[in-house]
Amino acid sequence: ATPAQHLSCDLKKYNLKDLGTQFDVVVIDPPWPEYENRIGGLFCETEDLTPWTYKEIEALNIGEAAAERAFVL
């Protein structure tokens with residue numbers, strides 16, 4: 001198993017193949033529409049909380065980062 005990692009990047013532009021490894025578990029937590037109403041003082045000027053569409057999530061090439069036997073949350 002690959003050790004846990006955290007990546008802060010624009011996933012809409014980042015090539016997941018550049019990670020050079022594959023993971024057993026991939027967690028995707030894009031800004032959902034309800035995030036716009038729940039930021040409660042935690043606003044970060046550089047963070048884009050524009051909600052993603054399901055089409056944008058589908059466009060991520062998760063197969064480049066997921067091992068053959070993996071699951072995605």
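Biologist: In this predicted model, does K13 count as buried, partly exposed or exposed?

Modeller: K13 lies in the segment before β1. The relative accessibility of K13 is 71%, and the cut-off for the exposed class is over 50%. K13 therefore counts as exposed.

Biologist: What distance separates the C-alpha atoms of K13 and L60?

Modeller: Along the chain, K13 and L60 are 47 residues apart.

Biologist: With which residues is Y14 in contact, leaving aside its neighbours within four places in sequence?

Modeller: The C-alpha distance from Y14 to L60 is 9.2 Å, at a sequence separation of 46 residues. Contact, however, requires heavy atoms within 4.5 Å. Once neighbours within four places in sequence are left aside, the contacts of Y14 are L7, C9 and L19.

Biologist: In what pattern do the helices and strands follow along the sequence?

Modeller: The chain has two helices and two strands. Read along the sequence, they follow the pattern β-α-α-β.

Biologist: What share of contacts between residues at least 6 apart in sequence joins residues at least 24 apart?

Modeller: The chain has 73 residues, of which 19% are buried. Among contacts between residues at least 6 apart in sequence, the share that joins residues at least 24 apart is 62%.

Biologist: Which residues form the largest nonpolar core?

Modeller: Membership requires a buried residue, with a relative accessible area under 20%, and side-chain atoms within 4.5 Å of another member. The largest such core has ten residues: L16, F23, V26, I28, W52, I57, L60, I62, A65 and A66.

Biologist: Which residues does A65 contact, leaving aside its neighbours within four places in sequence?

Modeller: A65 is one of the ten residues of the largest nonpolar core. With its neighbours within four places left aside, A65 is in contact with L16, L19, T21, Q22, F23 and V26.

Biologist: How far apart in space are E68 and Q22, C-alpha to C-alpha?

Modeller: E68 is found in strand β2, residues 66-72. It is exposed, with a relative accessible area of 82%. E68 and Q22 are 46 residues apart in sequence, and their C-alpha to C-alpha distance is 8.4 Å.

Biologist: How many aromatic pairs does a search of the whole structure find, and what is the class of the pair formed by W32 and Y54?

Modeller: The search of the whole structure finds one aromatic pair. W32 and Y54 form it, at 5.9 Å centre to centre and with 50° between the planes. Planes under 30 degrees apart would count as stacked and over 60 as edge-to-face, so this pair is classed as tilted.

Biologist: Which parts of the chain does the pair link?

Modeller: The two residues are 22 residues apart. W32 is partly exposed at 23% relative accessible area, whereas Y54 is exposed at 63%. The pair links distant parts of the chain: the loop between β1 (23-26) and α1 (35-38), and helix α2 (residues 54-59).

Biologist: What is the C-alpha to C-alpha distance between E34 and P51?

Modeller: E34 is found in the loop between β1 and α1. At 40% relative accessibility, E34 counts as partly exposed. E34 and P51 are 17 residues apart in sequence, and in space their C-alpha distance is 8.3 Å.

Biologist: Which residues lie closest to the centre of the largest pocket?

Modeller: The largest pocket has a volume of about 1200 Å³. Of the 32 residues that line it, the closest to its centre are L7, S8, C9, L11 and V27.

Biologist: Which element gives the largest share of the lining of the largest pocket?

Modeller: The lining divides into 20 nonpolar, six polar and six charged residues. Its largest share, four residues, comes from β1.

Key
Residues are numbered from 1 along each chain as its sequence is written. This is a predicted model: local features need pLDDT of at least 70, side-chain atom pairs count only at pLDDT 80 or more; totals for chains, interfaces and linings use all residues. Side-chain values use heavy atoms; hydrogens and water are left out. Rings of Phe, Tyr and Trp (its six-membered ring) pair if their centres lie within 6.5 Å; planes under 30 degrees apart count as stacked, over 60 as edge-to-face and the rest as tilted. Buried means under 20% relative accessible area, exposed over 50%, partly exposed in between (1.4 Å probe, protein chains only). On a 1 Å grid over the protein atoms alone, a cavity is a set of points where a 1.4 Å probe fits but cannot get out, and a pocket is an open set with protein on both sides within 12 Å along at least five of seven lines; lining residues have an atom within 4 Å of a point. Grid points are joined across faces, edges and corners, and a volume is the space filled by probe spheres set on the points. Ala, Val, Leu, Ile, Met, Phe, Trp, Tyr, Cys and Pro count as nonpolar, Asp, Glu, Lys and Arg as charged, and the others, Gly among them, as polar.
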